[in-house]
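The following briefing covers backbone geometry, helices, salt bridges and aromatic contacts in one structure. Please read it alongside the sequence and the coordinates.

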Amino acid sequence: MELDLLTAVSPIDGRYRTKAGTLAEYFSEYALIKYRVQVEIEYFITLCELPLPQLKCFDHARFESLRDIYRNFSEADAQRIKEIESVTNHDVKAVEYFIKEQFDKLGGLEKYKEFIHFGLTSQDINNTSVPLSIKEALEKEYYPQIQKLIDQLASYAEEWKDIPMLAKTHGQPASPTRLGKEIMVFVYRLRRQLDILKSCAITAKFGGATGNYNAHHVAYPEFDWRAFGNKFVSEKLGLEREEYTTQISNYDNLGAIFDAMKRINTIMIDMNRDFWQYISMEYFKQKIKAGEVGSSAMPHKVNPIDFENAEGNLGVANAIFEHLSSKLPVSRLQRDLTDSTVLRNIGVPFGHTIIAIQSSLKGLGKLLLNEHKIYEDLDNCWSVVAEAIQTILRREAYPNPYEALKALTRTNQAINESSIKNFIETLEVSEDIKKELRAITPHNYTGI
C-alpha cells in the first residue's frame with residue numbers, strides 16, 4: 001500500500017493528520033535530517049569563527065550560502081541523504097557526506113570539507129538536533145495552542161463568575177460554589193504548570209565521543225573546547241550545554257519537560273471529565289450541527305465526544321511521556337542504543353496532546369449554559385446551608401450546634417426551605433441572629 005491518510009498505521013498521520021500534521025516540521029524523519037544538517041552547518045561556521053588555523057582563510061561572506069543548505073532543505077535533499085544512508089548504514093554519517101556534496105556544488109570549498117563533523121560523534125548531532133526540535137515545537141505549536149485553551153477557560157470563568165452552583169464532593173451535595181470559580185481552578189492549575197514547563201532548561205550534549213572533547217583536544221590543545229561548546233550550543237542553537245556527559249545526553253532535562261507536559265495533560269484530563277459530567281447533569285447543553293449524528297441507533301443523542309476524544313488522546317500521550325521520562329535517563333555505562341529508537345517517538349505524545357487540546361477547544365466551543373438546571377439543583381438542596389447555620393451558632397457559643405444540624409439534615413427525609421426556616425425558629429437565639437440565619441440560601445452561600 002502507498003502511505004496516505006487511509007493506510008497510515010498511526011492515527012496521528014492518518015485520521016488526525018489535519019489536527020497534528022504541522023508537527024511533521026519538527027518530528028518527522030525529514031525534520032530530524034534537516035535539524036542534523038542545520039547543526040552540522042552551524043558547527044562548521046563556528047569553527048571558522050574560532051578560527052581553527054586551517055579555517056582562517058574561509059570567506060565569512062559565504063556563511064549565508066552555507067546556511068541556505070538547511071534553510072532551503074527539501075524532501076529531495078532528505079531523500080538523497082536516505083540514499084547515502086542505504087550505503088553507509090549510518091544516518092549521521094550520511095548527513096556529513098551530503099554536506100560534502102553540497103560543498104562541491106558551491107565550489108572552491110574542497111580543502112575545508114574535512115572540517116565538517118570535525119571531532120564529533122553522531123550523538124553530538126542527535127543530542128542537539130532533537131532538543132532543538134522540541135524547543136521549536138514547544139514555541140511554535142504547543143505553547144500557542146495550550147494558551148488558547150487557557151484563554152478560553154479564563155473567558156468562561158469571567159463570564160460565569162456570578163452563577164451559583166451546587167458543589168459535589170464524594171459525589172454528594174456540598175457547600176455551594178460558583179461555576180466561574182470552578183473553571184478558574186483549571187485556569188490557575190494550567191497556568192502554574194505551564195510556567196514550570198517553560199522554566200525547564202532545554203539542554204544538549206556536545207562533547208565528542210565520550211563527552212571529554214578527546215579528539216578536539218588532541219588536535220588543538222590550545223583551545224578551550226568546553227567554552228567553545230558552551231558558546232556554540234547557546235548562541236547558535238539557543239540551548240544549554242550539559243557540562244558532564246557520557247557519549248549521550250543525560251536526558252534528565254528532557255525528562256523534566258516530559259513530566260511537566262504530563263502534569264498539564266493530567267489537569268486537562270480532569271477538566272475534560274468535569275465538563276463531561278456537567279453535560280451529563282444537564283448544566284450544559286451542546287450546540288447542534290446540521291447533518292451530524294450522535295448515535296447510529298438513537299437519533300436524539302448529542303454526545304460529548306470531543307471531551308471523550310481529548311481524554312483518550314491525553315491518556316495515550318501520558319503513557320508515552322511516562323516511558324520517555326523514565327527510560328531516557330538510564331543507559332548502560334557510557335551509552336547503549338536504546339535511547340536512539342525511543343527518541344524517534346517524541347512526536348507521538350506531542351501529536352496526541354495537540355489533538356487533545358484541539359478536541360477540548362472544540363468541546364468548549366459547543367457549550368450552551370443551562371442556567372435553569374443549575375438553579376434547580378441548587379434550589380432543591382437546602383441542606384447545604386446547614387454548614388453556614390452551625391458555624392454562626394458556634395460563633396454565638398450556642399450549645400452543640402453541629403450535632404443539632406446533623407440531627408436535622410443527616411436523614412433520608414427531604415430538607416427544603418421550609419424545614420430549614422422552621423428549624424431556625426426553634427433556636428434560642430436573638431431575633432437579629434435569626435434574621436441573619438434566614439437570609440442564608442443555597443444561592444448566596446457561595447463564599448468569596
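Tyr251 is buried, with a relative accessible area of 2%; buried denotes under 20% relative accessible area, exposed over 50%, and partly exposed the range in between, with a 1.4 Å probe and protein chains only. Tyr251 belongs to the loop between β4 (240-241) and α11 (252-280), where helices (H or I, at least four residues) and strands (E, at least two) are DSSP runs numbered from the N terminus. The model is predicted, so local features require pLDDT of at least 70 and side-chain atom pairs count only at pLDDT 80 or more, whereas totals for chains, interfaces and linings use all residues. Residues are numbered from 1 along each chain as its sequence is written, and side-chain values use heavy atoms, with hydrogens and water left out.

**Backbone geometry**

- Although Tyr251 is a residue other than glycine, its phi is positive, near 65°.
- Tyr213 likewise is not a glycine and has a positive phi, of about 55°.
- Tyr213 is placed in the loop between β3 (203-204) and α9 (214-219), and with a relative accessible area of 4% it is buried.
- The peptide bond joining Leu50 and Pro51 is cis, with omega about -15°; Pro51 is located in the loop between α3 and α4 (63-71).

**Helix α3**

- Helix α3 (residues 29-49) has 21 residues and should span 30 Å at 1.5 Å a residue, which agrees with the 30 Å between its end C-alpha atoms; the expected span is 1.5 Å times one less than the number of residues.
- The rest of the structure largely encloses α3, because 17 of its 21 residues are buried.

**Surroundings of Leu149**

- Leu149 is situated in helix α7 and counts as buried, at 0% relative accessibility.
- Apart from neighbours within four places in sequence, Leu149 is in contact with Met268, Met271, Ile357, Ser360, Leu361 and Leu364, contact being heavy atoms within 4.5 Å.
- Val187 is 38 residues from Leu149 along the chain, and the C-alpha atoms of the two are separated by 9.0 Å.

**Salt bridges**

- The structure contains 37 salt bridges, each defined by a side-chain nitrogen of Lys or Arg within 4 Å of a carboxyl oxygen of Asp or Glu.
- Lys140 and Glu136 form one of these, with the closest N and O atoms 4.0 Å apart.
- Lys140 and Glu136 are four residues apart in helix α7 (residues 122-159), so about one helical turn separates them; Glu136 is buried, with a relative accessible area of 18%.
- Between Glu182 and Lys181 there is a salt bridge whose closest N and O atoms are 3.0 Å apart; Lys181 is partly exposed, its relative accessible area being 37%.
- Arg438 and Glu425 meet through their side chains in a salt bridge of 2.8 Å, N to O. This pair links distant parts of the chain, 13 residues apart: Arg438 lies in helix α19 (residues 431-438) and Glu425 in helix α18 (residues 417-426).
- Arg438 is partly exposed, with a relative accessible area of 26%, and Glu425 is also partly exposed, with a value of 40%.
- One network, joined by salt bridges that share partners, comprises Glu29, Arg36, Lys82, Glu85, Asp91 and Arg344.

**Aromatic contacts**

- There are 27 aromatic pairs in the structure; rings of Phe, Tyr and Trp (its six-membered ring) pair if their centres lie within 6.5 Å, and planes under 30 degrees apart count as stacked, over 60 as edge-to-face and the rest as tilted.
- The pair of Phe27 and Phe350 is tilted, because the ring centres are 4.9 Å apart and the planes are at 45°.
- Phe27 lies in helix α2 (residues 24-27) and Phe350 in helix α14 (residues 347-365), so this pair ties together parts that are 323 residues apart in sequence. Phe27 and Phe350 are both buried.
- Trp225 and Phe228 form an edge-to-face pair, because their ring centres are 5.2 Å apart and their planes are at 75°.
- Trp225 and Phe228 are three residues apart in helix α10 (residues 225-237), about one turn of the helix, and both are buried.
- One aromatic cluster is formed by Tyr43, Phe115, Phe118, Phe206, Tyr220, Phe223, Trp225, Phe228 and Phe232.
- Lys198 lies over the face of Tyr143, 5.0 Å from the ring centre; this requires NZ of Lys or CZ of Arg within 6 Å of the ring centre and within 35 degrees of the ring normal.
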